[in-house]
Structures are given as C-alpha cells and as structure tokens.
Amino acid sequence: MSESLVKIENIRAYYKLKNREVKAVDNVSFEIMENEIIGVVGESGCGKSTLSNVLLNNIIKPLTIVGGRVLFKSNGEYVEISSLTREEVRERFWGKEMSLIPQSAMNALMPTIKLSKYVEHLAQSHGIPKNELLKKARKRFEDVDLDPQWLNRYPFELSGGMRQRAVIAIATLLNPQLLIADEPTSALDVVNQKVFLKILLEMKRQGIVKSIIFVTHDIATIRQIADRMLVMYAGKIMEISPVDKIVEKPLNPYTEGLLNSVLTPEPEIKKRGITTIPGTPPNLIEPPSGCRFHPRCPKAMSVCKEKEPKLVEIEPQRKVACFLYSEERA
Amino acid sequence: MFKNMFKPLFKSKKFIIGLSIVLFFILLGIFGPMIYRVDPTEMTWDMEQAPSSTHPLGTDTYGRDILAQLLYGIRSSLYVGFLAALISLVIGTIVGTFSAVRRGITDDLLMSFTNIVLTTPSILIAILIASYLDVRSIEMIAVILGLFQWPWFARAIRAQLMSVLSREYVYLSKMAGYGDFRLIVEDLIPTIATYAFMSFVLFINGGIMGEASLSLIGLGPTEGISLGTILQWSVMMDAIRRGLWWWFVPPGIAIVAVTASLLIISTAMDEVFNPILREE
Amino acid sequence: MSRLVVKNLSKVFSIGFLARRNVEAVKNISFEVKEKEIISLVGESGSGKSTTAKMLLRLIHPTSGKIVFEGKDIWNDIKTNQELKEFRRSLHAVFQDPFASFNPFYPVERTMWQAFRLMDKEYSKNEALELIKDSLVKVGLDPKDILGKYPHQISGGQKQRIMIARCWLLKPKFIIADEPTSMIDASSRGGIIKLLLKLREEQGTSIMFITHDLGLAYYVSDRILVMKEGRIVEDGNPDDVVLNPQHEYTKILVGSIPKLYRKLEDI
C-alpha cells in the first residue's frame, strides 16, 4: 500500500473581493497517493484551477486560504506548505518537489526568452551547475522527441505541440515528485494530445515523476490515463473513485450527468444517447444551500436542500457526497 | 444605444472633473468676449500695467488689455484644436475604413502612405509649410496640424475594423440581409465610436499644443490672437525676466488646464471603455 | 433530391504585397446534401472547413467551382434582392462562438428582430414580439430572462439557444452549424444538439455540422466528410468512417481521440 504524497485537509480557498467572496474551493479534503495519476474533472468555474493553485501554494491576492491545510511529503516528512509563504514554497518546492504544466505553454514561457535560459534559471535557483543541467535538458528533450537544438531557440519558433513538450521536459528536469497538469492538452489538436499523454505516462513509468494530478474538463482523457477520478462541482468534491468504477457506474447524479454528456466516437455512446444537466452552474458568491447540486439534480430530495452531504466512503476506495448513499436520507 | 454607451462615463469622477474644466473654458471662450467688450488689439497708453480695476489682468507693452486677449486666445486656441481634431478624425476614419474594408492593394497602398506620414517628423514639416506661408490664418494652422495627426488613428481604426469584420455578429447581420450602409451604421460605427471619441479628445489636445509650439517659435497665426501668440509676444518682450507675470501666467495656466483636463477625460474614457483597466 | 450540390469548389487566398503568396484553403471539393440529412464536415483547424462554410453561406466568393442550392447556383442565379432574401432565409447558420455572435452594444433579441427583415410577410411589432417569445419558449428559454438583456448578462448556452431560436423564426431549409457546441460547457451541450435535431424532425431541415469533434459528428450525423489541408479525404456513413476508416489521416485521427469505454492501446 503506497503512502500519500499530498494530504489536502478541509481546504477553503476564497477570492476575496471588495464586498463579497467567491468560494472557489470550499472545504475540500483528499489525498494524492504516491505513484498514482489522479484526474480532477469539472465544468468551467467549478474551482478546479484554484485547486491546482492551492497545491502549488501559488496564492496571489485576491485568492486567500481561509482555512484548512496542505501537507506535502518531502524527505519522508510531511511539510505543511499552506503555512509557508508563496516565496518559501517557490524556493523549496517548485521545480524540485512539484511542477506545473499550464494550459497553454505561452502562459508559462515568454516568447522572447530562449528555452535554455529557463534551464539556466532553474539551475541557478536550486544551486546546480548550469552545464550539468543543460546536459540533462538536452537528454530530456530527446526523450520527449524534440531535437536538443531547440533549446537554443525561442518559444515562439515552436509549434503548439512542441512547445507543450518543451514545457514538460523543462518542468520535470529536477524529477519533481508531483506534476500538476492544468488542462495541458486543451489547446492542442487530438494528434498532439495523444503524443503529450504518452510522454506523461512514460515519465511516470520511468519514475521521473511520482504522481500526477491532471486537471481537465475532458473525462475521456482522464479515463485514458488516470487511476482515480475526482469530480468537482461548485467548489466541492462530489465523488472520488477509481476511474474504471466511475465509468462503469457513477454514483453521484452529477457524475452521471457529466458522463452522459460525453461524446466520443464509440457505438456505446450512440446507444446510450446524450443527456443534458438542466440549468447552469451556480455562482460561487452565494452558492445554493445544502448540496450545491440540488437545484439541477434529477434525484434531489427534500434533505438535499437543507443539509450538506458529507464525502463518505461507501465502498472500498469509493467516496461520494450524496444523500442517496447515506443513512440520513430519511 | 449611444446613451447606454456613454452613461457609465458619468459615473467616473475623473471624467466629470475633466469635462467641467473643459466646458468652463469653452463657455469662457464663447461668451467671454461678448461680456467683456474690450478690443484686444486696441493700443492704449497704459503700458505694462499690473492688474487693476480698469485692466483686470493688466496690459502688455503696447497697452493692450490682457484679459481681452486671453478670452479671444482661449476662443481661437479651442477653435484650432477642434478644427485640427476634426480634420485628423475625418482623414483617419476614411483611410482606416477603406483599408479595412477594401483589403488587398488598396490596403497596402493606404497603409504604406500612412506609415510614411507616421514616420515623418511632423513638426518639422509643419514648420516648413508655416514658414513658407507669409500670411497664416488660424484655419490654416489648424489644417497644417490636422494633416499630421491622423496616421496612428487610421491604423488603430483599421485594426479594430478588421477584427470586427471577422466577428460572427457581423456575418449574422450580413445574413439578415444588411447592406453595407446599414452594417456600417449599426455594427461597425458603435464599435469604433468610443475609440474615435477618445482619439478626438486627444487630437484637440494635440491641436492646442501644436498651435502653441508653432506660435512660440513665431510660426503661429499671423492674424488673430491665440494663447500661443500671447505667449510668443510675452517671450519676445522678455516678460519673464522682467517679472510681468500677469502677461504670461494666465495664458500658461489656460493651456495647461485645458490640455490636462483633456488628457484626464481621455484617461477616464479609457478606463470606462476598456474592461481591462476598469477598477473592479 | 439533393438540397445542396457542391462541385469542384476551391478557394485560394492571396496574401502579401510585394511577394504575393497563394494559399489554397479549399482544394476542389465536391459533395451533396439531401433533404433532412445531417452531414458533418470534420477537420482540424486550418483544414479549410470554416472557409467552406463561409462560401456556402455566400459570405466569401469561391475561386472556382459551383454551389447549387435548391437548384440555383448561389453566385450566378441569385440576381434580385428578393431572391437573395429567400436564399438567406433558406440557408442559415449557427456559429461557434456565442460571445462573438452578439454585438455587445445591443440587447440580445436584436438578432431575432433581424430575422424579420428576411421574411416576406409584414408583421406588426406586437405580432413579431409574440413570434419571438414563442420561438424562445421553443428552445427552452423563458422570454422574461432574455428580452432586454445584454450579451454579457446571459450564459453561453443561453446565447447559443437564442441563435437556434432565430433559426426557428426563419424556418430555414438548411442550417450550417459551425462548431455550435465547442465553447459551451459539457452539461449544456446535449441540449443544443437536441434542439437542432428537433428542428430537423419538425421542419425537415438539413443540417451541416462544421466541427473538429469526431465524437459529435459520429453521434449526430448521417454522413461524415473528413477534411484535411483543403481536401475531403474520407466520405462515408459514421460507422464506416469511425469504426473502419480507410484514409491514413482518418485512422490517425480516430486512433488519437480518447475514448470513454475503451482504453487506447498504445499510450
């Protein structure tokens, strides 16, 4: 049984604006195990990107951590990174213990700074000889099927798919334990998406990275690579389960709705048909009472409006927040 | 529609302050000379007098009343500003629109021409033209200034229109049977209107400053009085060294106040119309 | 009978000033669309599918080739305003980006008022408003929530429904849906697709989806055309194209798409 690499405990991260707060991540707890790929799925505005910022402790105003903590296992000990400042975490953890692959490489790379500069900068900030790391970078570029020559080029000279590969090569140079991928494939065409996913899996197979948290709106992608899936809705976790089990039988009605809106070119989909979840996601300034999904839920009961369901384990490894599966349903 | 567009402006304090100052000077320029009926060119024996009850802002070396000059000066400086701005706006809009709509060779040619004008040091050309003309009316100065301010505006209009023209609502209007004219009036003009309005304010500013600069080096209007010419005379007569403050301070304040409040207005408009700068 | 016949259609864009360069966006494509048929034009960005759509909509002029709609060549046989009006009413579109489909300066119902310009019958203002309300209800919207609102006040899914409501008013014979679901959330996607299918059922509309999403194409269409670099490389019924692709490109495309019920073998 592997241990957990990251423990997220009752994290609440709000965007504090002038006279209101957006509860983007609200009382969320889960663990990222060692040697696993966990997929986080949800619609736009459900708090999934905020979650990756919380993991990185990339907390920039107006985002504020209101409560809870994040523990990260480093050298066998759990460090409470949420109590450190952003700068401390950046120095000690970014690049070395955890790395981010953002949605668009253009957000991460200045188009007019040579790729090798990023490597040199990384070496400098972690006290590693530059040449050593550059050598490693050349090797890593070959691993991701990029000509090492590209290191001496500028990001704008690379195509979208190549750029994303360059980002993953540089982000994993120091063999971080955790790779946080925030919608890394959504700007790529499907052929490049697959290439990228292959590289991601290969990195994990070779042990370059230990665990990956993959944030996306695309369930089919998670289905291909992840071990467990975490479904978020309106800042809350609705369900965490092994991917196969979720696809086979979703428990939470929201998960079911999401799955039934997936369109992939498969005969099963045609047979199943496509359904819509009525209504729109709530605003997170004044989320609905009780279960946040109840206004849109086809199976809502009276209790759903009044009480908030807890995330409970109802089968081994399967946790769901829904009164359909709890004792309190009466 | 336009009401909706400009309504948020009046919630901006900056805009209201800027607009009030400019309106004050416009009213001063229009009604001042009608109320204070003193001929600004009439020479009297009260030479270089400090402000007094007969001459509220004193007189210059030739005994001419400064307040009367100032009121006429404000009037003609604003006039030059508006006229120059109008000329720039018209040229810029025409060039920019044609480039964006016609594309192809028309676009290439018009943009090459625009770039040439853009990179030409305009004040030098203005000096050349102005010094070539012996008699320069206020309108002439406005035309000279207006001819050199438009290029960046034309380029911005072209860029904005190009992006709007490939937006889907334009296709949808076309598909609803809109002719070119209706499309321009309903879909294109509102999109560029806020920008054009903002540019117009900056053009007025450019016109007033340009007139003052030309005047200061003696190439301003040879007929009539402007804020620039008042300053030019005071400089010629060494008013600053001799401490005749009532001669150069009022026109100086007027220019700074008008141009500064025009800049405030355009900043305020930028903040209101440009969502990125909006404070929230 | 074929509603739309496209024959040897090509579009060449020339760009640059001194060194003029030709870009062939669409290369000699031909296809037909029958009554009530749903056809999908699938391709990556830059495949020429959007250019094709714009030519069919009579928004850009083809370099060569013919587009015949309901027996009339849309570039040569439409001469009078009346004919153009009828064409615009019969062949309409729903676009990809619901945010760009609305002019931010006007209330959202403007796009529906515009539709009345294409109708032969004159409607009084009240009659027209009633029709607008009816069609909003038809697409599952409450007129109270929509009328008088500005584009930034309603959601992407609602905007896309309004665009379909415009099609309900016009009752076109052919709708070109250019990526109608790519910019809205998954949970509202199904609703948009169903509305388009309902339109087809009730009015016999032919629909052409322009999309990069083979999953969508597979689900909705009677026929799929796969486009790459301006050419149609595969043309067939969805099951053949997806389960038994012939062209190398289609094979790669189908093999790259993540599936829900089976794992890709080679990653």
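Me: Hi! Which residue in β9(C) does C:Ser40 stand opposite?
Reply: Hi there! C:Ser40 stands opposite C:Ile224 in β9(C). Keep in mind that we are looking at a predicted model.

Me: Okay, and how do β3 and β9 of chain C run, parallel or antiparallel?
Reply: Strand β3(C), residues 38-42, runs parallel to β9(C), and four bridges join the two.

Me: What about β9(C) and β10(C), parallel or antiparallel?
Reply: Those two run antiparallel, with five bridges joining β9(C) to β10(C), which covers residues 231-236. C:Ile224 turns up here too, standing opposite C:Gly236 in β10(C).

Me: How many residues are between the strands in that hairpin?
Reply: The hairpin of β9(C) and β10(C) has two residues between its strands, and C:Glu229 takes a positive phi near 45° there.

Me: Why is β9(C) described as largely enclosed?
Reply: Strand β9(C) spans residues 223-228, and six of its six residues are buried, so the rest of the structure largely encloses it.

Me: Which residues are on each side of it?
Reply: One side has C:Arg223, C:Leu225 and C:Met227, while the other has C:Ile224, C:Val226 and C:Lys228. All of these are buried, so to speak of its faces, both are covered.

Me: New topic! Is C:Lys159 buried or exposed?
Reply: C:Lys159 counts as buried, because 21 C-beta neighbours lie inside 10 Å and the cut-off is 20 or more. You'll find C:Lys159 in helix α6(C), residues 156-170.

Me: What is C:Lys159 in contact with, leaving aside neighbours within four places in sequence?
Reply: Its contacts are then C:Pro98, C:Ser101, C:Phe102, C:Pro151 and C:Ile154.

Me: And how far apart are C:Lys159 and C:Asp97?
Reply: They are 62 residues apart in sequence and 9.4 Å apart in space, going from C-alpha to C-alpha.

Me: Let's switch to chains B and C. How many residues are in contact there?
Reply: On the chain B side there are 15 residues, in contact with 20 residues of chain C. The elements of chain B giving two or more residues to that side are α8 (168-175) and α9 (180-216).

Me: Which one gives the largest share?
Reply: That's α8(B), with seven residues. By class, the side of chain B that touches chain C has eight nonpolar, two polar and five charged residues.

Me: Last one: where is confidence lowest and highest in chain A?
Reply: The lowest is in helix α3(A), residues 105-108, at a mean pLDDT of 67, and the highest is in strand β9(A), residues 228-233, at 96. Chain A as a whole has a mean pLDDT of 90, with 98% of its residues at 70 or more. Where pLDDT is low, the predicted coordinates should not be read in detail.

Conventions. Residues are numbered from 1 along each chain as its sequence is written. Chains are lettered from A and ligands numbered from 1 in the order in which they are written. This is a predicted model: local features need pLDDT of at least 70, side-chain atom pairs count only at pLDDT 80 or more; totals for chains, interfaces and linings use all residues. A residue is buried if 20 or more other C-beta atoms lie within 10 Å of its own, exposed if 12 or fewer, and partly exposed in between; C-beta atoms are placed from the backbone. Two strands pair if DSSP finds at least two bridges between them. Two residues are in contact if their C-beta atoms, placed from the backbone, lie within 7 Å. Ala, Val, Leu, Ile, Met, Phe, Trp, Tyr, Cys and Pro count as nonpolar, Asp, Glu, Lys and Arg as charged, and the others, Gly among them, as polar. pLDDT is the predictor's confidence in each residue, from 0 to 100.
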